[in-house]
Amino acid sequence: MSGSSFRSVFMVASCAGAALGCYLVSLRVASERAALEEVETEIVMAQRDIRLLQTEIGTRGRLAQLERWNVKVLALSAPAADQFLEGGFALARLTRPAPQDQLEAPVVLAAAPADAPKPTVQGAPQRQADNGDEGVSARDLLNVASLRTSPPSNRVTANLTARPATTVTADLKPKAAPPRKLAANDLAAAKPARPAADPLAPLPTPAKPTTATAKESGKAR
Amino acid sequence: MNAPTPALVAARPERLRLVGQRRQILAMMHQRLMLGMLVYVGIIALIVARILYLAVFGDHAGRQGAITSLIPERGDILDRDGQPLARTIDAWTIGLHPNKLIGDKLEIARALTRLMPERDEAAYFAMMRSGKNFFYLRRRASPALVEAVNALGEPGLSLDREPDRLYPQTSLAAHVIGYTDVDGNGVAGIERTYDKQLATAATRNLPVQLSISSRIQQALEHELLAAMTTYSAIGAAGIVMDIHTGEVLAMTSLPQLNPNAAGQGSPEARFNRATLGVYELGSTFKPFTVAMAMDSGTIKSFGQMYNCPKSLSVGGRTIGDTHPFGRACSVAEIMKESSNIGTAQIADQLGTARQRDFLKKMGFLDRSPIELSEKGRTLSPGANWNQVERMTVGFGHGIAVSPLHLATGYATLFNGGVYRAPTLLKVGRDHPVAKGHRVFSEDTSYKMRALLRLVVTHGTGKKADAPGYRVGGKTGSAEKYHNKSLLVTSFAGVFPMDEPRYVIVVMLDEPKGTAETYGFRTAGWNVAPVVSKTISRIAPMLGVRPDKAREPNLAEVLRFVREDLEQ
């Protein structure tokens with residue numbers, strides 16, 4: 001009796017429960033959807049802001065303005081044809097150690113102290129044998145001075161062993177010009193890092209190859 | 001509603017088994033009840049269904065006015081690299097509602113004059129007392145001004161946002177892009193041509209991408225403006241074009257125009273000299289005449305000799321030269337020294353019919369097919385095309401075309417001889433290269449390279465040379481028709497000449513001589529340097545590698561040039 005009389009009540013209750021459950025699910029879905037829409041709106045607003053800022057930056061940094069700054073302050077100009085390199089090969093050429101013509105230049109190699117038997121050595125620089133019969137070895141005496149005969153500047157380059165006791169003079173005569181005597185110490189003081197770069201004759205003193213390369217490439221550029 | 005429905009309708013009929021009328025009345029009542037209930041249930045079901053539908057698919061109360069995508073009010077215009085050239089942004093508008101004012105009107109008028117001095121106190125006061133509903137005080141107001149007006153705290157002053165067209169690069173390519181009126185309708189340039197596409201909701205989310213490159217445009221504009229100032233010219237025009245696709249990479253017309261405030265520009269500034277202006281461009285036509293003659297077979301080689309007296313009288317007109325030969329000279333020499341007399345004879349040999357036919361095929365007798373509305377009608381001798389006319393047309397007089405025509409003509413001549421319509425839209429998948437038609441033979445096109453390079457290396461256009469970029473081209477200085485003392489100087493150049501890729505046309509309107517040019521005002525002195533400077537700047541951007549070792553084969557022409565003419 002009780003079961004059949006309450007059947008309808010149960011039916012209604014279960015229907016209502018199911019409907020409520022469905023509704024809750026759909027409510028949940030709707031709220032998720034709303035949250036998603038909110039995020040989407042935020043994204044769009046952010047995009048709009050980005051666009052606005054981009055426009056502002058673009059307007060402030062417009063090409064005409066950059067050009068004006070360039071004319072007034074920076075003064076940059078278009079690169080000339082020579083400033084373009086063909087490739088790795090041309091780039092490597094910029095950093096070559098030294099022009100070869102230094103070998104052909106008349107080179108006076110060394111000067112010795114008063115008691116030393118060899119005052120000068122003529123000819124291309126080459127390694128002197130270590131005799132060992134003197135207090136000062138030939139290696140210590142070997143100084144290299146060279147003249148670069150490139151036309152615009154007859155520049156004297158000298159490398160020193162940096163022994164303060166040794167008096168060294170570098171005497172160079174390019175094309176029968178009047179000999180210019182240069183006190184090498186002064187020279188060294190004036191141009192401290194200018195090594196004679198002679199790739200064939202390893203110099204007795206460390207010639208700071210890295211500095212040389214950097215300097216050469218700097219000049220070539 | 002505790003489910004009595006089935007009991008009323010069908011259950012326990014034995015209890016309703018009454019007699020006579022009563023039974024009938026009851027049956028009728030049942031029917032009515034049944035009907036009413038069905039209606040009731042139906043309505044409930046409808047409402048429930050609707051609620052469920054809304055719960056599942058509908059909007060909720062807290063939903064904002066949906067901004068679901070970023071579609072501008074009017075489409076963007078971009079350059080070929082994607083840089084914006086025209087954009088629509090929300091701008092501030094300051095309005096006045098005289099009827100909503102609550103403060104002291106005189107006080108407000110005074111404050112407004114202080115903030116916006118374009119009107120005086122009396123004017124503002126008159127507006128407030130006019131009884132009208134609304135005035136625009138300022139459209140496109142700056143944020144600082146909006147803030148200041150807001151600080152007045154007057155409800156009668158409204159601050160609104162409305163879409164506004166902004167050209168971030170200001171005057172850059174202004175004549176190409178064009179501008180809009182206050183209501184956002186395109187009235188010039190691309191804005192006008194593509195107004196529908198830019199304004200329609202369905203298509204405005206896609207930007208219009210132009211073939212213009214802002215960097216190249218800027219370089220051209222800057223150099224041209226400098227020259228225009230130096231030589232006190234009244235105007236100038238310049239075009240850079242890709243000869244293989246017909247894309248216009250830069251097109252400028254000076255004096256400058258700021259499209260953000262186009263209404264403030266003078267009519268002179270709004271005039272597009274590059275497409276709307278037509279000019280007798282003078283000697284820049286000579287290469288066409290030579291190419292026509294070569295194509296038709298009247299010139300067999302650049303060594304063909306013509307008698308070049310100091311002046312030539314034809315039909316009552318005297319043709320003269322700036323560098324008279326007074327002897328027989330070869331085609332190469334005629335071109336190198338830009339001899340009118342020689343070219344006139346070449347054109348005469350060619351004949352009117354063939355000349356007109358070639359000009360027609362190059363598009364010189366019609367308006368340019370470019371995507372602008374501002375296009376000038378070219379002027380030609382028309383029906384009156386006789387010997388004198390064909391001679392003068394041969395060296396660029398008696399025919400007036402726009403600088404764009406000239407650029408297209410040079411592109412035709414050097415891309416292998418195929419005419420292609422110039423375009424302002426970037427060539428890509430949506431916009432393929434225009435179909436062309438052949439005008440000159442490939443052989444003619446090839447041979448002309450050396451001839452034009454000769455003009456720059458040895459002839460009148462020496463100052464146009466940009467070292468390493470192999471510029472070839474032709475100078476042109478034409479007297480103005482209405483005043484023979486005024487000149488239009490132009491230079492049409494192509495680079496790199498050993499493998500032509502780009503054409504550049506530069507024109508100055510009425511340049512004057514300066515001390516640096518020793519008083520000369522012909523093209524070789526004022527326009528040619530512009531070409532040199534511009535090419536040095538733009539060629540690296542265009543991917544043209546400078547190479548001093550490469551040259552077109554000049555031996556084909558140099559052997560026909562007499563050495564004693566060298567200066």
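1. Two strands are taken to pair if DSSP finds at least two bridges between them, and helices (H or I, at least four residues) and strands (E, at least two) are themselves DSSP runs, numbered from the N terminus. On that basis eight bridges join E14(B) to strand E15 (residues 487-495) of chain B, the two running antiparallel, and B:Gly476 stands opposite B:Ser490 in E15(B).

2. The note concerns a predicted model, in which local features need pLDDT of at least 70 and side-chain atom pairs count only at pLDDT 80 or more, whereas totals for chains, interfaces and linings use all residues. Residues are numbered from 1 along each chain as its sequence is written, while chains are lettered from A and ligands numbered from 1 in the order in which they are written.

3. The pair described above belongs to an open sheet of five strands in chain B, in the order E7-E6-E16-E15-E14, with antiparallel pairing. Strand E7 (248-254) and E14 of chain B stand at the edges with a single partner strand each, so one side of each is left without a neighbour in the sheet. From one strand to the next the twist averages 10°. Helix H16 (residues 403-414) of chain B lies across strand E6 (235-242), E15 and strand E16 (502-509) of chain B, and runs at about 150° to E16(B); axes here are lines fitted to C-alpha atoms, for helices over the stretch in contact, and angles run from 0 to 180 degrees between N-to-C directions.

4. B:Arg470 is found in the loop between helix H17 (442-458) and strand E14 (472-479) of chain B. B:Arg470 is buried because 27 other C-beta atoms lie within 10 Å, the cut-offs being 20 or more for buried, 12 or fewer for exposed and partly exposed in between, with C-beta atoms placed from the backbone. Residues up to four places away in sequence aside, B:Arg470 touches B:Arg453, B:Phe495, B:Pro496, B:Met497, B:Asp498, B:Arg550, B:Glu551 and B:Pro552, where contact requires C-beta atoms, placed from the backbone, within 7 Å. Between the C-alpha atoms of B:Arg470 and B:Val56, 414 residues apart along the chain, the separation is 71 Å.

5. Helix H2 (residues 20-57) of chain B has 38 residues and should span 56 Å at 1.5 Å a residue, which agrees with the 55 Å between its end C-alpha atoms; the expected span is 1.5 Å times one less than the number of residues. The number of buried residues in H2(B) is zero, so this helix lies largely in the open.

6. Chain B as a whole has 19 helices and 16 strands, and 46% of its 567 residues count as buried. Its radius of gyration is 37 Å, whereas a compact globule of 567 residues would have one near 24 Å; the radius is taken over C-alpha atoms, and the globule rule is 2.2 Å times the number of residues to the power 0.38. Along its principal axes the C-alpha trace of chain B spans about 140 × 70 × 50 Å.

7. Chain A has seven helices and four strands, in the order α-α-α-α-α-β-β-β-β-α-α from the N terminus on, and 14% of its 221 residues count as buried.

8. At the interface, 26 residues of chain A are in contact with 32 residues of chain B. Helix H2 (7-60) and helix H3 (63-74) of chain A each supply at least two residues of the side of chain A that touches chain B, to which H2(A) gives the most, with 17 residues.

Key. Contact = placed C-beta atoms within 7 Å.
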